[in-house]
Amino acid sequence: MDRRDVVVVGAGLAGLQCARDLLAAGRDVQVLEAADEVGGRVRTEEVDGFLLDRGFQLLNPAYPAVRRLVDVDALGLQQFGAGVAARLDDGLQVLADPRREPRLAATTARAVASRPGELWALARWTAPLLRASVGRDRLGARLEDRVHGTLRDSLDRAGLGGTLRRVVDRFLTGVVLDDEGGTAAAYALLLVSAFASGTPGLPAQGMRALPRQLAGHLGGRIRLGARVRSVAPTAGGFHVAVDGETLRARHLVVATGPREAAGLTGTGSLDVRGVVTQWFATDDPPTGSDLLHVDARARARGPVVNTAVVSNAAPTYAPAGRHLVQASALLRRGGAAPTGEEMERHAAELLGTPGARWETVARHEVPDALPAQPVPFVERRRVAVRGGIVVCGDHQDTASLQGALVSGERAARAVLAVS
């Protein structure tokens, strides 16, 4: 029987970071991954010269854990514009951070000057961020003690309405994958703070470059195509059943998604949010903008929560002479996913080219795209669960790349603390 000091089940960001820390501490580590590639939900496929991430994802270099643990320069990050283009009933309105987008400062100033009441309400909503702090491994400290309730309730309390309310609602819908406002307000504000601190982007070789960089430190300690069927405690450790054989581990870390983790550990599973992303190719870009576009009309006219010409911000995502458009919509449990035709029509309308016809390159339906962050907001969940198993993933921390990396660190510390 193969014996290891630590077996890590899952080679997503959390599992990879956990294994890195354990290896640095001198531990014998084996990572088991059911898929044929590392990354978990952070994956990229290549189709006809296009780079297509598994669901539209962005890397925010302002995340504290990313700054500490990732060589961002080596990724060749290609950043989107620091703002949003909102389709209104009377046209397109661009709202951007004037500090990072001086070219859009005048347009943004005119837009907010005509809505002073809404601007003050927005300032009231974000005011708690002035009293929060960013820690070594946290998006924000002391915020959860000051902000309570759901996102919808917090916006109502601030008195935010009108156009800016719709822009905030529709933008955050695409971030937290919740269009009912039931997400914890503290979590939403943490994400707003991260967006205000850094401009997200895409690595030159796709989002897959992030887990590949982490995995590069682990040498041959990752076994792909190894699906763990069950785990069981035994004297002095655990038996891990994988593909017809059994490994013996002194310590076990389960670094899978929440549903898989619940199945292996017998603990409860958290709710997850789903997304569907349709990828389109075109010879002529529908806009020269490098911003995300949202539908901020009084009544949204389609399923798309955000769309963008990805190749305007990240040229490496498309072959020369072609352009890549993404359109994302919510994927509801038990409900029918929007059709590609519906998403294409709505995205073309938001980008200012109604009636456009694009070539579909791929479609990704991701039912487990993001753990839900309901009220009450819990920034940290215990990584050590029943029977001495350690569990990590962004479902144990904030639902983000930041949360995944930090959770992996916490899991490694938990193993080291008892050995």
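Cys-18 is buried, its relative accessible area being 0%; buried denotes under 20% relative accessible area, exposed over 50%, and partly exposed the range in between, with a 1.4 Å probe and protein chains only. Cys-392 is likewise counted as buried, at 0% relative accessibility. The model is predicted: local features need pLDDT of at least 70 and side-chain atom pairs count only at pLDDT 80 or more, while totals for chains, interfaces and linings use all residues. Residues are numbered from 1 along each chain as its sequence is written, and side-chain values use heavy atoms, with hydrogens and water left out.

A disulfide is defined as a pair of cysteine sulfur atoms within 2.5 Å, and a search of the whole structure finds zero.

## Helix H1

Helix H1 covers residues 13–24; helices (H or I, at least four residues) and strands (E, at least two) are DSSP runs, numbered from the N terminus. Its 12 residues reach 16 Å from the first C-alpha to the last, close to the 16 Å expected at 1.5 Å a residue, where the expected span is 1.5 Å times one less than the number of residues. H1 is mostly covered, with nine of its 12 residues buried; among them are Leu-13, Gly-15, Cys-18 and Arg-20. Just after the helix, Gly-26 adopts a positive phi of about 90 degrees.

Asp-21 also belongs to H1 and is partly exposed, at 24% relative accessibility. Its side chain makes a polar contact of 3.0 Å with that of Gln-17. A polar contact is a pair of N or O atoms within 3.5 Å; within protein, one must be able to donate a hydrogen and the other to accept it, and residues adjacent in sequence count only if both atoms are side-chain atoms. Beyond its neighbours within four places in sequence, Asp-21 is in contact (heavy atoms within 4.5 Å) with Glu-409 and Ala-412.

## Asp-53 in strand E4

Asp-53 is located in strand E4, residues 50–53. Asp-53 is buried but has no salt bridge, that is, a side-chain nitrogen of Lys or Arg within 4 Å of a carboxyl oxygen of Asp or Glu. The nearest side chain of opposite charge is Arg-208, 7.0 Å away; Lys and Arg count as positive and Asp and Glu as negative, with His and the chain ends not counted.

The Asp-53 side chain does reach the backbone nitrogen of Met-207, at 3.1 Å. Excluding residues up to four places away in sequence, Asp-53 touches residues including Arg-43, Trp-279, Tyr-317 and His-364.
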